[in-house]
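Open the structure in your viewer and keep the selection tool at hand. Each stop below says what to pick and what is there.

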Protein chains: 2
Amino acid sequence: MPSQPDESSSVATAEPGATPDPIDGFHAVIPAGGAGTRLWPLSRAGRPKFLLDLTGSGRTLLQATVDRLAPLTGDGNVLVVTGERHAEAVAEQLPGLGGANVLAEPSPRDSMAAIGLAAAVLLERHGDDVVLGSFAADHVIAGAEAFQRAVREAVVAARAGYVVTIGIAATGPSTAFGYVRAGAGLDLADAPSVRLAAGFTEKPDAETAAAYLATGEYRWNAGMFVVRAAVLLDHLRAQLPALHDGLREIAAAWDAPARDEVLARVWPGLTRIAIDHAIAEPVAAAGGVAVVPGDFDWDDVGDFASLAGLVPPGFASDAGDGDGPTLGDAAAVLRSGSPGAFVVTADGRTVSVVGVPDAVVVDTPDAVLVTTRAHAQDVKAAVDAWRDRGRDDLL
Amino acid sequence: MPSQPDESSSVATAEPGATPDPIDGFHAVIPAGGAGTRLWPLSRAGRPKFLLDLTGSGRTLLQATVDRLAPLTGDGNVLVVTGERHAEAVAEQLPGLGGANVLAEPSPRDSMAAIGLAAAVLLERHGDDVVLGSFAADHVIAGAEAFQRAVREAVVAARAGYVVTIGIAATGPSTAFGYVRAGAGLDLADAPSVRLAAGFTEKPDAETAAAYLATGEYRWNAGMFVVRAAVLLDHLRAQLPALHDGLREIAAAWDAPARDEVLARVWPGLTRIAIDHAIAEPVAAAGGVAVVPGDFDWDDVGDFASLAGLVPPGFASDAGDGDGPTLGDAAAVLRSGSPGAFVVTADGRTVSVVGVPDAVVVDTPDAVLVTTRAHAQDVKAAVDAWRDRGRDDLL
């Protein structure tokens, strides 16, 4: 199915130690949605995960995502797709982006509509050669060089016509992520590690996950896709023609006076579907998906147990039979008999944890959460319960 | 050693269902000291336990103590002995008391000095027949009738010359309290259940406590003493003459212009000693202490595990696989997978506890505490650690 590499486009290859050049014609697309319910009350519907500095780095997850991509795209070649509610905050956090590069969705229509809209707008603006890479706004990655190497190889494979995903080297048999299985090598010039994707799997149980890792062929599917915009839209036309046509109609009007009218008319009827189901799985089955190994640290910051692993250990407590990570003012936290306790101080109060190892305590102006790392996934139940009580002010 | 009952004084005896009369010549003394460190951050040095409504009753522990004693003493016959720092707050909480009935100590000199001062002042003001009953300001008692019955019997025994303690029926082999052992009955008219005190013991280990209870002779020593002021001071003169003389000198000047001068000169040199060690133990060994059984519920509210047992279970949570007590706004508390979690909401925020059964969460304007009932005694370590860090503002 994929065509041969496009000889007319050049791919800059990083020399060790040199600052690499941006990739000609490469555009990043950042779908910025999802409230991060399991990070409540730090993350709220009105102040979602991607708008927060969750690692104490001084940059929000969204800003860090753009920082990571800028060396690859060059200036101005980043599109953020987000809800109307968050468009202003996104623009404020990314003053260099330019208002035209924030695409505001009238309502959530899942990842296929978000990324498909971006692809169609990029095609309108930049023409047929444009390659896009889609990267979530709320993941954490360590290892910029390895990330950039993987993306550069992915772009080579994308120019060859593939839908390319980056398969993350698993650090353990996680049941929280889907997996992608690598097949035969593709022998692409300038992209030696790219392989055919033999298929995707949903989140497995622990036994299955362990079996996956034992084969050496499975990697985590982090939802990173690199593909020519035209190729993506061709696949979409084949799989979901109505969604394709709707997105193309919207994109044709996006930079024109008709945008609002077309959006209001077309957007509400768009099919809600994830890009994995719409494109990645069926196209992989047809041999059209490639996988690039990504040997960098990656985390989707899915809950407080995950977040606890990403922030550095805190202030050495005088009470001190154990320490733990603090997000916020470490001097305001005291652990006594509570090794590994993770504390988020977001409202200036002191927090003392006594005799609760691996506690998770999140202090915000209107809500205090107390749980443990082992129960981090259960935080969603608390959010649901507050909603059931009619406390939408807390969500 | 004790004299015969004083025939000239009458003791009103409660008829079932009737409102009993006050006891002629009986005065309550309430030593109000101690910060209640193990109830931090609810209790603070500047806002100690006895000034707080810890049970959600609408009355502070001090107010409830006075309420409980008023039917026995009648109006105006209550003295509170407290530190200078708290004298104003005490007077505000007890507007009916009268300023002369708040004795302000320049500095803490332990319970013998506090109660001895009150005894000496009462002797000056009311003469030789006065009987005092000393009751801590920060304990919780349920069962007013049983309490009053015990005190009335204790007064009879006090008029017979005994130092009388009330021995609380133990509900279990607690290691948190001292014990008093009951000896032979005293056969006093109007006080049929009074027995000689065979001795006091310090807080035992669990095995010893169980052995105590198996004998049927041991009761909890709640630090309640009823005694003629003159008898108490005689014992004090015999045991600690310098302390006796100092207190008498201060008392003689208390209601006179010389008070401040005498206090400033004498108070700093007073011996620091608890009344148990100064009087109860040596006098019991000499046969001068009696014990009245107290068959009411008593709690010294020594830590959050104790307090958790005193407040009613909270709001039925929708997340609901378990409920627990709330001090504060129960509608602001959510328990999910956390049966028995005890939450104190003292600053209007919501508190969500997820997957931590028997958690203790105390939310105050400047400090959040997270522990469990099993670690309630360890809260002192957190207070010590904040002190070590120089955070006296939190103490």
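Predicted model: local features only at pLDDT ≥ 70, side-chain atom pairs only at ≥ 80, totals over all residues.

Stop 1: Colour chain A and chain B separately. A rotation of 180 degrees, with 0.0 Å of shift along its axis, places chain B on chain A with an RMSD of 0.1 Å. The two copies are thus related as by a two-fold rotation axis. Which residue of chain B comes closest to that axis? Select Val370(B): its C-alpha is 3.9 Å from the axis. Now look at where the chains meet. Of the interface residues of chain B, 98% are also interface residues in chain A, so the copies meet through the same surface.

**Stop 2: a tyrosine pair.** Show the aromatic side chains. There are 16 aromatic pairs over all chains. Begin with Tyr179(A) and Tyr212(A), which form an edge-to-face pair. Their ring centres are 5.2 Å apart, with 65 degrees between the planes. Planes over 60 degrees apart count as edge-to-face. Tyr179(A) belongs to strand S7 (residues 179–185) of chain A, and Tyr212(A) to helix H5 (residues 206–215) of chain A, so the pair ties together parts 33 residues apart in sequence.

**Stop 3: phenylalanines.** Switch to chain B and select Phe147(B) and Phe296(B). They form an edge-to-face pair, 5.5 Å centre to centre and with 80 degrees between the planes. The pair links distant parts of the chain, 149 residues apart. Phe147(B) is in helix H4 (residues 144–159) of chain B. Phe296(B) is in the loop between strand S10 (289–294) and strand S11 (297–299) of chain B. Both Phe147(B) and Phe296(B) are buried. Back in chain A, select Phe135(A), Phe147(A) and Phe296(A). Ring pairs link these three into a cluster.

**Stop 4: a charge over a ring.** Select Trp386(A) and Arg389(A). The charged end of Arg389(A) sits over the ring of Trp386(A), 4.8 Å from its centre. Repeat in chain B. There the charged end of Arg389(B) sits over the ring of Trp386(B), 4.8 Å from the ring centre.

Stop 5: Select residues 241–254 of chain A, which make up helix H7. At 1.5 Å a residue, its 14 residues should span 20 Å; the end C-alpha atoms are 20 Å apart, which agrees. Which residues of H7(A) are buried? Among them are Leu243(A), Leu247(A), Ile250(A) and Trp254(A). Now show what covers the buried residues of H7(A). The cover includes strand S3 (102–105), helix H3 (110–126), helix H6 (229–239) and helix H8 (259–266) of chain A.

**Stop 6: an exposed glycine.** Where is Gly99(B)? Look in the loop between helix H2 (84–93) and strand S3 (102–105) of chain B. Gly99(B) is exposed, with a relative accessible area of 62%.

**Stop 7: the record.** Select residues 28–307 of chain A. An unreviewed UniProt entry annotates them as "domain: Nucleotidyl transferase". This span is 41% helix and 22% strand. Then select residues 343–384 of chain A. UniProt (unreviewed entry) places "domain: MannoseP isomerase/GMP-like beta-helix" there. That span is 14% helix and 45% strand, and its end C-alpha atoms lie 22 Å apart.

Notes: Residues numbered from 1 in each chain as written. Chains lettered and ligands numbered in written order. Heavy atoms only, no water. Least-squares fit on C-alpha atoms with pLDDT ≥ 70 in both. Contact = heavy atoms within 4.5 Å. Phe/Tyr/Trp six-rings, centres within 6.5 Å; stacked < 30°, edge-to-face > 60°. Helix = DSSP H or I, 4+ residues; strand = E, 2+ residues; numbered from the N terminus. Buried < 20%, exposed > 50% of the residue type's maximum accessible area, 1.4 Å probe, protein only. Lys NZ or Arg CZ within 6 Å of the ring centre and 35° of its normal. Expected span 1.5 Å × (residues − 1). UniProt positions renumbered as here; feature names shortened; annotations may be inferred.
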